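Subject: Structure handover and notes

Dear colleague,

I am passing on the structure we spoke about, with the sequence alongside it. Please open both before reading on, as the notes below go through them piece by piece.

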Amino acid sequence: MAPKSCALCKAAKAILRRPKTGQQICKDCFFYVFETEVHNTIVDARLFKRGDRVAIGASGGKDSTVLAYVLKTLNERYDYGLDLFLLSIDEGITGYRDDSLETVKRNQQQYDMPLKILSYDELYGWTMDRIVSQVGKKNNCTFCGVFRRQALDRGAAMLDVDHIVTGHNADDIAETVLMNIMRGDIARLGRCTSICTQGEDTIKRSKPFKYAYEKEIVMYAYFKKLDYFSTECIYSPDAYRGHARVFLKDLEAARPSAIIDIIHSGEAFEIREEVKATQKSQQTCKRCGYMSSNDLCKACTLLEGLERGMASSGITDRGRKQLEASGPAPENIRTIPFFKPPTGHAAIAIDTHS
């Protein structure tokens, strides 16, 4: 049987089948349609404006590496007029993050982008290795997720950027929809499916890969021969998200459109006014100044629990009340004030690691 020709250009030989559409296409057409779909997502959502300073959350993994490459490509092809930076967070996981950051440093050279690396240790006085030694692997992802989100905002403020983009893909968002439904947390569905989020006085954060399938990101990285780190976090095998991921893969095998269908379902949910009314208003943390719905932000609450030897108390509202009732906070809690410099403020020096 003669090899099939590309379903798009009709000239070259088809060498792959797109997981998203089932089309058999050539490598060059795959690159073009993948990049064009991301460009259309950016344009349709009006994610950027000329002159924006944009930090790419870079972990060294496939998603953030492909995002950095594609954004650089599109910025040049369509003249977005963006200043692009790489922003990496060092959680302090020996044998995992230290290795992946070496990949990020190579990406910095390959893509000619400034790089800033911030560590949990310098921000909070704790590494994930120390946290796991105290709390175990059951709830460690809660600590890491809270600290990483705040660390990205802090790093972005230091760089004086307008916008953070992350490599969250369609699979990630569909998993989050499933997790929120299974937890009965319907109020979060609108936010978790939003391509862009921005709280009051916080830096804009968006997901240009919202509709990009994970399998296609892997294929893009493979055929482009991009340099990325592929090892999974050593502390995440038992994470709740893993169960949603397995379920989603089973659904995708039976119906490839399931990923996008789930995202659209999450987008279609409308939250009743009485549910909205139960959501807490945003204020600022009395200790560090970061956004919070309580007197202390989640990061400061978790840090206080760690310093008191009551780490699990910082995870739930009930535990937080136990912390508040246990007396004055320890004096050794790391408190670095959060700030967003005014527009045009000189950025803090960037680590080039050249």
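Throughout this message, two residues are said to be in contact when they have heavy atoms within 4.5 Å. Please also keep in mind that this is a predicted model.

Overall picture

The protein chain has 14 helices and 10 strands, and of its 354 residues 48% are buried. Among the contacts in the chain with a separation of 6 or more, 70% are between residues 24 or more positions apart.

Once residues up to four places away in sequence are set aside, Asp 171 touches Ala 212, Tyr 213, Glu 214, Leu 248, Lys 249, Glu 252 and Ile 259. Is Asp 171 buried or exposed? Its relative accessibility is 1%, and since buried means under 20%, Asp 171 counts as buried.

Helix H7 (residues 170-182) also packs against helix H11 (residues 258-268), the two axes coming within 9 Å and crossing at roughly 55°. An angle of that size makes H7 oblique to H11, and the crossing is left-handed. On the H7 side the contact is made by Ala 170, Asp 171, Ile 173, Ala 174, Val 177 and Leu 178, while H11 contributes Ile 259, Ile 260, Ile 262, Ile 263 and Gly 266. Sorted by class, the residues of this contact come to 9 nonpolar, 1 polar and 1 charged. As background to such lists, an α-helix has 3.6 residues a turn, so residues three or four places apart point the same way.

The pairing of H1 with H9

A second pair is formed by helix H1 (residues 27-44) and helix H9 (residues 214-224), whose axes are 11 Å apart and which pack at an angle of about 130°. This makes H1 oblique to H9, and the crossing of H1 and H9 is left-handed. The residues making the contact are Lys 27, Phe 30, Phe 31, Phe 34 and Glu 35 from H1, together with Glu 216, Ile 217, Met 219, Tyr 220, Phe 223 and Lys 224 from H9. The contact of H1 with H9 has 7 nonpolar and 4 charged residues, with no polar ones.

Asp 79, which follows H2, has a positive phi near 55°.

Helix H6 (residues 140-159) reaches 28 Å from its first C-alpha to its last, close to the 28 Å expected for its 20 residues at 1.5 Å a residue. H6 too is mostly covered, 15 of its 20 residues being buried, and just after H6 comes Asp 160, with a positive phi of about 55°.

In helix H13 (residues 298-308), 8 of the 11 residues are buried, so H13 is largely enclosed by the rest of the structure. Those buried are Ala 299, Cys 300, Thr 301, Leu 302, Leu 303, Glu 304, Gly 305 and Leu 306.

Which residues does Cys 196 contact, leaving aside its neighbours within four places in sequence? They are Leu 47, Lys 204, Arg 205 and Ser 206. Cys 196 is found in strand E7 (residues 196-197) and is partly exposed, with a relative accessible area of 27%. Lys 210 lies 14 residues from Cys 196 in sequence, and their C-alpha atoms are 9.8 Å apart.

Asp 99, in helix H3 (residues 97-111), is likewise partly exposed, its relative accessible area being 39%. Although Asp 99 and Thr 231 are 132 residues apart along the chain, their C-alpha atoms are separated by 9.5 Å.

With best wishes

Note on methods:
Residues numbered from 1 in each chain as written. Predicted model: local features only at pLDDT ≥ 70, side-chain atom pairs only at ≥ 80, totals over all residues. Heavy atoms only, no water. Axes fitted to C-alpha atoms, helices over the stretch in contact; angles between N-to-C directions. Helix = DSSP H or I, 4+ residues; strand = E, 2+ residues; numbered from the N terminus. Parallel < 35°, antiparallel > 145°, perpendicular 65-115°, else oblique. Left-handed = near helix turned anticlockwise from the far one by under 90°. Nonpolar A, V, L, I, M, F, W, Y, C, P; charged D, E, K, R; others polar. Buried < 20%, exposed > 50% of the residue type's maximum accessible area, 1.4 Å probe, protein only. Expected span 1.5 Å × (residues − 1).
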